[in-house]
Amino acid sequence: MAEITPITMPKFGLAMTEGKVASWARPEGAQVSVGDELADIETSKITNAYESPVKGTLRRHVAPEGEDLPVGALIAVVADPAVPEAEIDSFIERFQAEFASHAGEAAVEKPPEPEILEVRGLSLRFLETGREHEGRPVLLIHGFGGDLNNWLFTQPALSEAHRTIALDLPGHGGSSKHVGAGDLASLSGAVFAFLEARGIAKAHLVGHSLGGAVALRLALDKPAHVASLTLLAPAALGEAIDGEFAESFIAASRRKQLQPVLEKLFADTKLVSRDMAEDLLKFKRLDGAQEALTAIADANFGGGRQREILRERLGELDGIPIQVIWGELDAIIPVGQVEGLPGPVRVHRLSGTGHMPHMEKAAEVNRLILEQARG
């Protein structure tokens, strides 16, 4: 009997329990390869392209567009064109029956919860997964205004092979809103204190935007503790930046004000959901959040330019593998800042991608991070 491969509702983020096919990118009967976009999957947080995990013929769209389905539910079937329709029908019927019988068991499973670590007078929130894996852990550091949830498409994939930790920087998410000077030295010092407190002697650092600058500063200050660097649209490689973004983000107090600001982050503005904006507004209303963001913005982006430039110091990190991943359509920090970087830096420019490559091109970014961590 020819093989029939199920395509199921993916799990975007550790807390995702259901989603829906917003639109199919490939029609029934289309030939697909691994990495081809199959559909846009909509969750309560974000809409993201789902890339095919297999090669073959897309024989059947099982899930209609717009219907909420639990994670793991059958959404499509891939099979050789020679497989009779009756066999496809039987396979779908068996899959649906078995999935329904195990639905109760799946509902009992709870995603890992964030924890709080007290270190140097700070409360730092983090989410750790993949604890069963040995070797160097991967530490994920978000950008300005973000939090550990920015890695919802990244952390589950990495934790299949690595101990993976997503950290809220001071002033962000569930971490303390005391940021000191708010500059790269203060933020990277807090990250290093976290690593020490967790007994992590060396880690692969993955940083986005401001988090990329924090990771780079930490590598320069404490190179013996950094196994590799993956920098996603990082700050600190040039002066140019959209200074209005940080100002508008801090000032926005309603969803209609914040939504267009968030849309600047993405090449595809449809990725910005109502829930994404509402979640950020909840954070911004926390005591001390506005003041912390203002202090960090002033220290790092005051005057509409990046204040600390580490570009010429990359050559000091001769023994640390470094890669930079940048979207060609980044509207926050110009992608041109990757040109002529000193030192052995590998550069990956992603077409059709804005300032959030780990959310817009998650599969490709995850592959690059995993390759770096394996090396």
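In one of them, Phe95 and Phe99, the ring centres lie 6.4 Å apart and the planes meet at 15°, so I recorded the pair as stacked. The model is a predicted one, and I read every value below as computed from it.

I then placed this pair in the chain. Both Phe95 and Phe99 belong to helix 1, four residues apart, which is about one turn of the helix. I noted the general rule that an α-helix has 3.6 residues a turn, so residues three or four places apart point the same way. Phe99, with a relative accessible area of 24%, is partly exposed.

I turned to Phe144 and Phe249. Their ring centres are 6.0 Å apart and their planes stand at 65°, so this pair is edge-to-face. It links distant parts of the chain, as Phe144 sits in the loop between strand 11 (138-141) and helix 2 while Phe249 sits in helix 5 (residues 243-251), 105 residues apart. I found both Phe144 and Phe249 buried. I also recorded that ring pairs join Phe144, Phe245, Phe249 and Phe301 into a cluster.

**Salt bridges**

I counted 20 salt bridges. Among them I examined Asp89 with Arg60, where the closest N and O atoms are 3.0 Å apart. Asp89 lies in helix 1 (residues 85-108) and Arg60 in strand 6 (residues 56-61), so the contact ties together parts that are 29 residues apart in sequence. I noted Asp89 as partly exposed, at a relative accessible area of 41%, and Arg60 as buried, at 18% relative accessibility.

I next looked at Glu278 and Arg255, whose side chains meet in a salt bridge at 3.8 Å, N to O. Glu278 is in helix 7 (residues 274-284) and Arg255 in helix 6 (residues 255-263), so the pair links distant parts of the chain, 23 residues apart. Glu278 is partly exposed, with a relative accessible area of 26%.

I recorded a further salt bridge between Glu328 and Arg349, at 3.1 Å, N to O. Glu328 lies in the loop between strand 15 (322-327) and strand 16 (345-350), and Arg349 in strand 16, so the pair ties together parts 21 residues apart in sequence. Both ends are partly exposed: Glu328 at 33% relative accessibility and Arg349 at 35%. I also traced a network of salt bridges that links Glu115, Glu128, Arg131, Arg163 and Arg198.

**Helix 3**

I checked the span of helix 3 (residues 184-197): its 14 residues reach 20 Å from first to last C-alpha, close to the 20 Å expected at 1.5 Å a residue. Its buried residues include Leu184, Leu187, Val191, Phe192 and Phe194. Just after helix 3, I found Gly199 with a positive phi of about 70°.

**Second largest pocket**

I noted a volume of about 720 Å³ for the second largest pocket. Its lining has 29 residues, and Phe12, Phe153, Ala157, Ala363 and Asn366 lie nearest its centre. Strand 5 (47-51), helix 2 (155-158) and helix 10 (362-374) are the elements that give two or more residues to this lining. Helix 10 supplies the largest share, six residues. I sorted the lining into 16 nonpolar, six polar and seven charged residues.

Notes: Residues numbered from 1 in each chain as written. Predicted model: local features only at pLDDT ≥ 70, side-chain atom pairs only at ≥ 80, totals over all residues. Heavy atoms only, no water. Expected span 1.5 Å × (residues − 1). Buried < 20%, exposed > 50% of the residue type's maximum accessible area, 1.4 Å probe, protein only. Salt bridge = Lys/Arg side-chain N within 4 Å of Asp/Glu carboxyl O. 1 Å grid on protein atoms, 1.4 Å probe; cavity = no way out; pocket = protein on both sides within 12 Å on 5 of 7 lines; lining within 4 Å. Points joined across faces, edges and corners; volume = space filled by probe spheres on them. Nonpolar A, V, L, I, M, F, W, Y, C, P; charged D, E, K, R; others polar. Phe/Tyr/Trp six-rings, centres within 6.5 Å; stacked < 30°, edge-to-face > 60°.
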